[in-house]
Amino acid sequence: MKIHPFGGNLPSARNREGGRLVVPVMTRTRGLLTAAAVPLILMAGCARPDTAGEAGSASVATEPITESASAPAGDPAVLIRIAQEGGFVPAQFVYSRIPQLTVYADGRVITEGPVPAIAPGPALPNLQVLKLTPARAQQWADDALKAGVKTGADLGQPGVADIPDTVITATSGGKTETVRVMALDHAQATDPNLSAAQQAARAKLRAYVEELNKLTVETGSPASESYRPAELAALAWPYVAGDDGLNQPAQAWPGPALPGEELPPAGTGLTCVAVSGDAAGTVWAAAEKANQRTPWTSGGKQYSVTFRPLLPDETGGCAALKEAK
């Protein structure tokens with residue numbers, strides 16, 4: 001195996017096709033083969049929970065999702081957000097990380113769809129949006145509180161390290177609750193650091209999250225569509241060529257001059273520019289022809305770029321990402 005700067009852990013030259021290493025499977029997670037993701041996958045394989053006899057369950061409204069013509073459009077209020085924070089990951093992964101699922105008051109549900117497991121992977125994430133009724137969206141949020149989403153809830157600290165926290169936020173009855181769960185999917189069912197009550201609470205939350213994930217792709221749901229953001233952030237850092245022989249042709253950067261403004265903390269070398277309107281469409285079109293390892297040329301220098309579509313509630317360009325954790 002070879003480890004590449006800002007790239008992936010890739011087997012050496014085999015299964016190459018058009019300058020890429022091809023793996024004939026699909027994944028719902030963009031950047032599965034990135035340096036950030038591979039350690040997490042390896043750790044997950046070593047710390048997979050034993051779910052046999054797992055206590056607790058969550059009930060989520062499961063009638064088929066239906067679209068309503070009378071649903072109010074464009075309300076960016078977040079009813080539910082499931083996101084990952086923390087973990088042992090590089091800065092560009094922290095800022096580019098997209099919430100696992102976001103449900104809005106107008107019924108929009110935005111998730112990441114599957115991407116081909118090739119290396120280098122696509123430059124753009126496969127964000128999908130589907131529409132349900134506002135009433136159904138609110139029911140999902142109500143169910144979140146029943147499943148244990150409560151600010152300050154003690155879900156314990158299992159004996160695993162470097163795994164991201166799952167952060168679930170839900171708004172019901174005019175009140176917003178947020179729960180942070182360390183290693184929700186990776187703690188052992190017999191972890192001695194967790195009490196029986198904490199194990200039961202974690203199981204109930206885990207069941208709720210799994211049920212939501214199933215409902216977004218269930219038979220009878222409306223087909224999802226590709227999400228095209230009104231605003232797109234581009235995270236840039238100096239390009240370093242890999243040593244795997246998968247050389248990538250450079251592309252001229254079509255947006256505002258790189259590198260852009262520096263993101264905190266200082267010294268990471270990570271910068272950001274944001275585009276909206278017609279400029280966002282131009283950058284998006286160029287990114288569709290690129291991959292995660294494409295060198296972008298701006299001002300006589302080359303940069304690696306990770307694209308982060310801003311969601312409907314995220315405004316202010318790069319400033320929207322500065323609180324990323």
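Guide: A nonpolar core here is a set of buried Ala, Val, Leu, Ile, Met, Phe, Trp, Tyr and Cys residues joined through side-chain atoms within 4.5 Å. Bear in mind that this is a predicted model. Its largest nonpolar core has 26 residues, and I80, W140 and L212 touch the most other members.

Visitor: Which elements supply at least two residues each of this core?

Guide: Strand 5, strand 6, strand 10 and strand 11 do, along with helix 3 and helix 4 (196–215). Helix 4 gives the most, 5 residues. There's also a second, separate core of 19 residues, with A234, W253, L258 and A290 among them.

Visitor: What makes R202 a residue with no salt bridge?

Guide: A salt bridge needs a side-chain nitrogen of Lys or Arg within 4 Å of a carboxyl oxygen of Asp or Glu. For R202, the nearest side chain of opposite charge, D191, is 7.2 Å away, so R202 has none, although it is buried. R202 sits in helix 4, and its contacts beyond four places in sequence include L155, P158, V181, M182 and L194.

Visitor: Why do strand 6 and strand 7 count as paired?

Guide: Pairing takes at least two bridges. Strand 6 (residues 101–104) and strand 7 (residues 108–112) have 3, in the antiparallel sense, so they pair. V103 stands opposite V109 of strand 7.

Visitor: And what makes strand 11 and strand 12 edge strands?

Guide: The open sheet has 7 strands in the order 11-10-5-6-7-9-12, with antiparallel pairing. Strand 11 (175–182) and strand 12 (225–226) each pair on one side only.

Methods
Residues are numbered from 1 along each chain as its sequence is written. This is a predicted model: local features need pLDDT of at least 70, side-chain atom pairs count only at pLDDT 80 or more; totals for chains, interfaces and linings use all residues. Side-chain values use heavy atoms; hydrogens and water are left out. Helices (H or I, at least four residues) and strands (E, at least two) are DSSP runs, numbered from the N terminus. Buried means under 20% relative accessible area, exposed over 50%, partly exposed in between (1.4 Å probe, protein chains only). Lys and Arg count as positive and Asp and Glu as negative; His and the chain ends are not counted. Contact means heavy atoms within 4.5 Å.
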